[in-house]
Amino acid sequence: MDKTIAQATVSVDQEGYLTDFSQWNKEIGTEIAKEQGIEMTDKHWAIIDYIQQKFKEEEPLSIRGIKKSGVIDIKEFYALFPGGPLKKATMIAGIPKPKSCI
Amino acid sequence: MCPKLTIVIFADLPFEYFYQSKSHNLDIMKNLVILGAGTAGTMMANHLIGKLPKDEWKITIVDQYKTHYYQPGFLFLPFDIYTTDQVKKKGSKFIPKDARYIQEKIELIVPEENKVQLEKGEELPYDILIIATGTKIAPEEVEGMKGPEWHKSVFDFYTYEGAKALRDKFREWKGGKLVVHITEMPIKCPVAPLEFAFLADSYFKNKGMRDKVDITFVTPLGGAFTKPKATQALHHLLTDKGIKEVTDFNIERVDYENNKIIDYAETEVPYDILVTVPTNMGDALIERSGLGDDLNYVPTNKATLQTEAHENIFALGDATNLPASKAGSVAHFEAEILTENILRYIKGEPLKEEFDGHANCFIETGDGKALLIDFNYTHEPVEGTFPFPGVGPLNLLKESRMNHMGKLAFRWIYWNMLIKGIHIPFVSATMSEKGKHFEETEA
């Protein structure tokens, strides 16, 4: 379905995840973050960059991977994206929600 | 004269002479090496021994352990349903006698030189390598887990030792908080922790002390299982049995001094007995050889089972990074397809892209009943009948006594058919869509 975010029309799934990453821009990310009650800072963007990079390289995302990345420690990750950090960060990053492993 | 004579003699010999003498020459014999003699490796040895010409191929299988465990039995051991003798046998019993069986630790795989180094220095050259080194628990990955309370109040049931220690603890336990916990995905047999919770409910009921035991199921997932339809069914069962659920719990540490587990969001779950499924990782050999991902699993083509990095190295079972369940049934279906692909590879034919992620698991739900689920990469478990469409006798995604009998019968099938590479009638390697109610899932 279509949704207007930051004056742009983007397609999202039922949970609000962008279905086409090419429609994403920083303004859209900022707006989604606001809807999640998150005010974006440089620290937030650093992790979003990392997540998008992994997505482009088609590498699966996991808490373990983030821990190993050295970009952020997991406590901080939880503090930046309270609730479900990976679920929220991927939504802001404009990529699909990570599939739970088998 | 001499050269002439030689020519005459050779000319008189039949063609077969050259062919056979060449093939019997050990230097020219080709080597297929299998690493790991667990469920997957043993099955591959048994499949291939009858298919590869003995005068051309030498099959070697390496495993450092002497005992072959029936791992699904570890679920029953803590509840005194199986005895220790029912879950272990001597590994050599199941290795085909024409294969060379080496019981030694593997030091390194050197793909650039097509060889495997063993701990005591022997080198095994290979033309084809099959990695079946499985997965193991890594409790040291979480702070406090493998501390002084390991196998005292903090247990695993994925090892023989853990399951046995838990059995002894349960025999004398007077009750309290029992927490069944998954550290992170993926894990071997993802339904096992749920089954454990169900069986605990029924075990303590039978002991007449269920009211003294508080059971909580703690998972990093958003629900009881990884597949939505099955999660719904399993969630109801948890509720019916009075088992609490804590979801989205990403453990940071075990506070063994104060008996609680704590996650990154500072959520705490107290326990008297913690039964955890620690992080699962591929063998350290894979890491040493530079062949694995973050969790030491080997990146493998999910349809052909050839490894991504080397065309003469194949992998199956729990050792791969495939997005399929890490379960014996998956290894069984993979083995049938991989056998065919090895034969194709030898002939220089294109590999069959056939593996569809097919998994088939019984889920013990306690009180002598079980569920059965059948699924693959693209289809989640649904309701229906198995293996005969519309007939059964097993019901998919529904509790029944027949399913439980099926699970118990499976131990016999495992020891007598499965690892020996004997095809199980009516059960195909790829998933059948017949007799299943897919339309109901999509609704």
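In this predicted model, the axes of helix 1 (residues 26-35) of chain A and helix 5 (residues 85-93) of chain A come within 8 Å, and they cross at roughly 145 degrees. On the side of helix 1 of chain A, the residues that take part are G29(A), I32(A) and A33(A), and these meet M91(A), I92(A) and A93(A) in helix 5 of chain A. Sorted by class, this contact has five nonpolar residues and one polar residue, with no charged residues.

Chain B holds an open sheet of five strands, which pair in parallel and follow the order 11-18-12-13-14. Strand 11 and strand 14 of chain B stand at the edges and have a single partner strand each, so one side of each is left without a neighbour in the sheet. Strand 12 of chain B runs parallel to strand 18 of chain B, and five bridges join the two; within this pair, I182(B) has V277(B) in strand 18 as its bridge partner.

| Strand of chain B | Residues |
|---|---|
| Strand 11 | residues 154-155 |
| Strand 12 | residues 176-182 |
| Strand 13 | residues 213-218 |
| Strand 14 | residues 244-246 |
| Strand 18 | residues 273-277 |

Helix 5 (residues 192-206) of chain B lies across strand 12, strand 13 and strand 18 of chain B, and its direction is at about 170 degrees to strand 13 of chain B.

Between the chains, the contact takes 11 residues from chain A and 15 residues from chain B. On the side of chain B that touches chain A, eight residues are nonpolar, four are polar and three are charged.

Definitions and conventions. Residues are numbered from 1 along each chain as its sequence is written. Chains are lettered from A and ligands numbered from 1 in the order in which they are written. This is a predicted model: local features need pLDDT of at least 70, side-chain atom pairs count only at pLDDT 80 or more; totals for chains, interfaces and linings use all residues. Two residues are in contact if their C-beta atoms, placed from the backbone, lie within 7 Å. Ala, Val, Leu, Ile, Met, Phe, Trp, Tyr, Cys and Pro count as nonpolar, Asp, Glu, Lys and Arg as charged, and the others, Gly among them, as polar. Axes are lines fitted to C-alpha atoms, for helices over the stretch in contact, and angles run from 0 to 180 degrees between N-to-C directions. Helices (H or I, at least four residues) and strands (E, at least two) are DSSP runs, numbered from the N terminus. Two strands pair if DSSP finds at least two bridges between them.
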